[in-house]
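Here is a short briefing on a protein chain with a ligand. Look through the structure first, then read the points below.

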Amino acid sequence: MPNGTDEESGAAMSEADFLRQLQRTFEKLPNPIDLYLISDKTRDDVFTQTNRQIVRAFRELSDRIHFREYDISHDFARQWEVDSAPTLLISPDRYGIRWLGAPAGEEGRSFLEALLMVGMGESRLSEQSKKVMQRIEDPRNVRVFVSPSCPYCPQQVVNAVKAAVEKPGLISVEIVDIQSRPEMADEYAAHSVPQAFANDILIAQGAQPEEVFVSSLEKMEPQTIFIPESDAERVETDLVIVGGGPAGLTAGIYAERSGLKAAIIEKDALGGQVALTPVVENYTGFKHVGGKTLVDIMVTHALEYCQIYQGEEVVDIRPGNPISVVTTRRKFESRAVLLATGATHKHLGVPGETRFSGRGVSYCATCDGPLFRGKRVIVVGGGNSAATEALHLHHTGVDVAIVHRRDNLRAQEFLQRNLRDNGIPILWNTEVKEIRGKDLVEEVLLLNNRTGEETVYKAQGVFLAIGYVPAVKLAQAVGAAINEDGFVQHDGRHRTNIPGIYTAGDVEGGYKQIVTATGQGAEAAMTIFEDLINPYWHETTDATESGAPVSG
Ligand code: NAP
């Protein structure tokens with residue numbers, strides 16, 4: 001016999017083995033699997049026929065799979081709110097999982113996984129993912145756009161199906177084949193696959209690791225990293241870093257690399273202001289990078305070294321040996337604490353600002369810009385933030401003007417040139433006196449502070465970019481000295497006046513650039529390392545009684 005025939009019979013044997021194994025697996029499933037195909041008798045298209053073939057193949061494997069077909073005009077279709085054909089429902093009385101089109105080609109893999117999960121009644125999510133899923137309390141209708149020839153799609157489909165099996169009451173999933181439903185893909189502008197939406201909000205482009213998908217589903221926005229959670233109630237460490245911006249993340253990397261054990265605590269989103277910066281063009285090595293992308297790179301790097309505790313707030317710091325740091329989730333005992341708490345955006349303080357916050361008033365063009373596409377907005381401020389945000393809004397398709405209280409900008413010349421080149425108007429010597437509207441922002445009352453003239457400017461959005469105030473609350477609570485500009489005072493090597501408490505980044509003032517913040521974080525970590533080896537507060541100098549000698 002020629003070799004070819006031997007190989008063929010070998011392949012046939014292994015396929016037969018695989019099918020037998022699959023049969024055994026299906027026989028052991030505790031739950032039956034009910035498949036319902038909703039078809040359209042007036043249009044027996046290739047997708048409908050493919051569904052029948054696929055289901056027939058699976059039914060031959062196991063009598064645990066039941067199948068019925070109904071026409072779209074039947075009451076059954078109405079009962080399950082199916083309004084287009086073909087749609088394949090999987091055990092709809094238990095789960096909200098349906099295929100719009102057919103689970104053909106690459107999707108055969110995810111269909112098999114879906115059947116097994118439904119049959120087992122188990123999502124097979126990791127423990128970390130289950131913890132995130134527990135936090136989801138509102139319904140999510142997930143739509144994953146796929147195509148049969150996309151090798152990445154099954155991974156994202158399986159993620160979504162796992163979520164639907166984990167929380168059947170809250171999560172439903174529609175897997176949409178873009179070839180079967182091109183009009184739906186157009187409506188969602190899903191021109192690449194896979195793309196996942198939850199309650200019509202884009203949560204993922206491309207396939208994600210399971211934990212990242214679940215995190216995107218929880219936060220209802222695309223995530224690129226997942227930070228594992230810790231259950232520990234008490235953590236002993238060398239260094240607690242409060243703040244997960246560029247300074248804190250860099251300090252974590254430097255501290256761990258020098259042999260210290262470091263924990264980074266961040267109550268909000270990681271990255272601080274950088275995460276809200278549309279585009280960064282002056283961080284060495286990156287000519288043009290999205291702020292959020294840069295943050296993700298930094299966080300991924302820091303995670304290589306240290307644990308990040310995100311979503312918990314430091315509520316108390318007690319100096320001592322060890323220093324006790326209490327958060328809303330646990331207690332840390334540490335030899336040193338680095339305050340890298342950054343800064344928070346300034347408020348204008350005019351009537352309407354608070355009332356319309358989130359209803360037209362925004363402090364984040366990156367986050368809210370797309371909602372104003374085709375609309376008219378103003379950006380208030382004359383610094384780098386105002387210029388960067390106005391450019392971002394302009395490129396997003398927003399009709400934007402800058403309102404600035406003086407007759408020249410403090411933004412870098414490069415950005416000013418960019419504003420001119422893009423024809424972004426600037427209303428000079430102009431102040432916002434009031435933000436008005438009914439439910440949403442409709443107009444702004446402006447004052448020309450040279451002429452005293454007041455005008456009503458029609459705008460649906462007001463983006464405030466008027467600077468930041470340092471977040472010194474914790475520093476003050478621990479007794480650290482604050483300088484006359486409102487920043488944490490330090491000795492030039494990032495030591496505050498309290499032994500063991502250090503500072504870095506925007507909270508200590510300086511140029512407030514990403515590159516300077518990372519530099520300060522690195523310097524602070526090196527000072528801390530040296531001090532922990534040879535504590536300056538144990539020396540018999542004047543500094544011993546009152547902490548480190550402090551200069552402005
Ligand atoms: P900023 O540089 O402090 O500028 C704030 C702007 O808002 C100033 O033009 C200021 O006007 C105006 N302003 C302040 N209070 C106001 C009020 N009550 N009413 C009206 N206008 C008011 O703040 P930023 O632009 O947010 O930047 C903060 C820091 O981050 C800076 O160090 C900046 O260099 C840095 N940053 C850098 C980049 C970059 O390098 N690409 C991007 C963003 C931010 P006056 O000019 O009249 O004072």
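Predicted model: local features only at pLDDT ≥ 70, side-chain atom pairs only at ≥ 80, totals over all residues.

A polar contact is a pair of N or O atoms within 3.5 Å.

**Confidence**
- The average pLDDT of the chain is 91. A score of at least 70 is reached by 95% of the residues.
- Residues 1-11 have a pLDDT below 50.

**Around the ligand**
- Which residues come nearest to the ligand? They are N282, N384, S385, R406 and R410, out of 20 residues around it.
- The side chain of N282 has an N or O atom 2.6 Å from an oxygen atom of the ligand.
- K512 takes part through its backbone: a polar atom there is 3.4 Å from an oxygen atom of the ligand.
- On its own, the ligand has 910 Å² of accessible area, and the protein covers 81% of that.
- The shell around the ligand has 10 polar, 5 charged and 5 nonpolar residues.
- Domain 3 and domain 4 each give at least three residues to this shell.

**Domains**
- How is the chain divided? Domain 1 spans 1-25 and domain 2 spans 31-219. Domain 3 is made of 233-273, 290-344 and 469-546, while domain 4 covers 361-466.
- The C-alpha centres of domain 1 and domain 2 are 30 Å apart.
- In the contact between these two, domain 1 supplies 4 residues and domain 2 supplies 4 residues.

- The accessible area lost when parts come together is often used to give the size of an interface.
- Between them, domain 1 and domain 2 bury about 360 Å². Carbon and sulfur atoms account for 82% of it.
- On the domain 1 side, L22, Q23 and T25 lose the most area to domain 2. Together they make up 85% of what that side buries.

How values were computed. Residues numbered from 1 in each chain as written. Heavy atoms only, no water. Near = heavy atom within 4 Å. Polar contact = N/O pair within 3.5 Å; in protein donor to acceptor, adjacent residues only side chain to side chain. Areas by Shrake-Rupley, 256 points an atom, 1.4 Å probe, with all protein chains shown as cover. Nonpolar A, V, L, I, M, F, W, Y, C, P; charged D, E, K, R; others polar. Domains from an automatic or database assignment. pLDDT = per-residue confidence, 0-100. Contact = heavy atoms within 4.5 Å. Buried area = accessible area lost by both parts, 1.4 Å probe.
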